[in-house]
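Visitor: I have a model open and would like to learn how to read it. Could you guide me?

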Amino acid sequence: MLREVYTVGVYWAARREEVNECARRADLFFQMLAQCDASLGQWYRAGRVARGSPGCPVHVNDRGEIEDLLLRGRNRADLDNSVIEDLGFGLHVWNQRPDARATILDITCGVYTEWVSNVCLLRPPIEGEAAERMLNSPILARILECMATAWDPDWGVVTTHQVRDLIPSADEKDAEVGWMNYFSRRRGTVPPLPAPVRIEPVGSLGMLIILTPERFTASNPEHIALGLRVRDLLDRAGLLSPQPS
């Protein structure tokens, strides 16, 4: 049986923001993230590194350095290497080391084309002590809440590829439903949901929905049945489909 690899991600539609605003949001996110787990306070630039080295450290409390990394992460045209402005900025980092014990973080922000989404995506470690600490409801919920607070996305989810296959979205543009879910108030009102689902506010921005207190897995038929039921209720409430602009 394939190991389930969890991801925490938030997504939002076209939103033109300059690099300084994206860096401000990233700065806030890194500050909040460091409070979630001891392993999330130091980050390194992702890419090729010398054997045994985690890479070049990123000073996440230096907004100027974050701006520089975001600018370096812009998409460029193949023909003349010119910046594709409407594809925004990108940041790709990891912590500790580039292996199964690392947390990997990808951010794409400032995108203002309808064809590409803005995203903040974190993959917790697959194995090791940090994985044992992080792959539980309180910490993953807190990470999702940090993402929602910093980036003000439309929706977010904690899920695995296997859960995605068993609780599919009706349309590729629809929000997914997984173990934990976030919906901005812009999407609508969260309806009453069955036990043991928990619904919590994220400030005035939106609502966090946690399906089970224990780890939600694709191998548990009761989890999948609950996920399908919640998906249908959220779909009827209009929360899964993009809102007309």
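Visitor: Leaving aside its neighbours within four places in sequence, which residues is Glu17 in contact with?

Guide: First, a word on the model: it is predicted, so local features need pLDDT of at least 70 and side-chain atom pairs pLDDT 80 or more, while totals for chains, interfaces and linings use all residues. Residues are numbered from 1 along each chain as its sequence is written, and side-chain values use heavy atoms, without hydrogens or water. Contact means heavy atoms within 4.5 Å. With those neighbours set aside, Glu17 touches Cys22, Arg25, Phe89 and Gly110.

Visitor: Which side chain has a polar contact with that of Glu17?

Guide: A polar contact is a pair of N or O atoms within 3.5 Å; within protein, one must be able to donate a hydrogen and the other to accept it, and residues adjacent in sequence count only if both atoms are side-chain atoms. Here the partner is Arg25, at 3.0 Å.

Visitor: Is Glu17 buried or exposed?

Guide: Buried means under 20% relative accessible area, exposed over 50%, partly exposed in between (1.4 Å probe, protein chains only). Glu17 has 10% relative accessibility, so Glu17 counts as buried.

Visitor: How far apart are Glu17 and Cys109 in sequence and in space?

Guide: They are separated by 92 residues in sequence, yet their C-alpha atoms are 7.7 Å apart.

Visitor: Where is Glu17 found?

Guide: Helices (H or I, at least four residues) and strands (E, at least two) are DSSP runs, numbered from the N terminus. Glu17 sits in the loop between β1 (7–12) and α1 (19–33).
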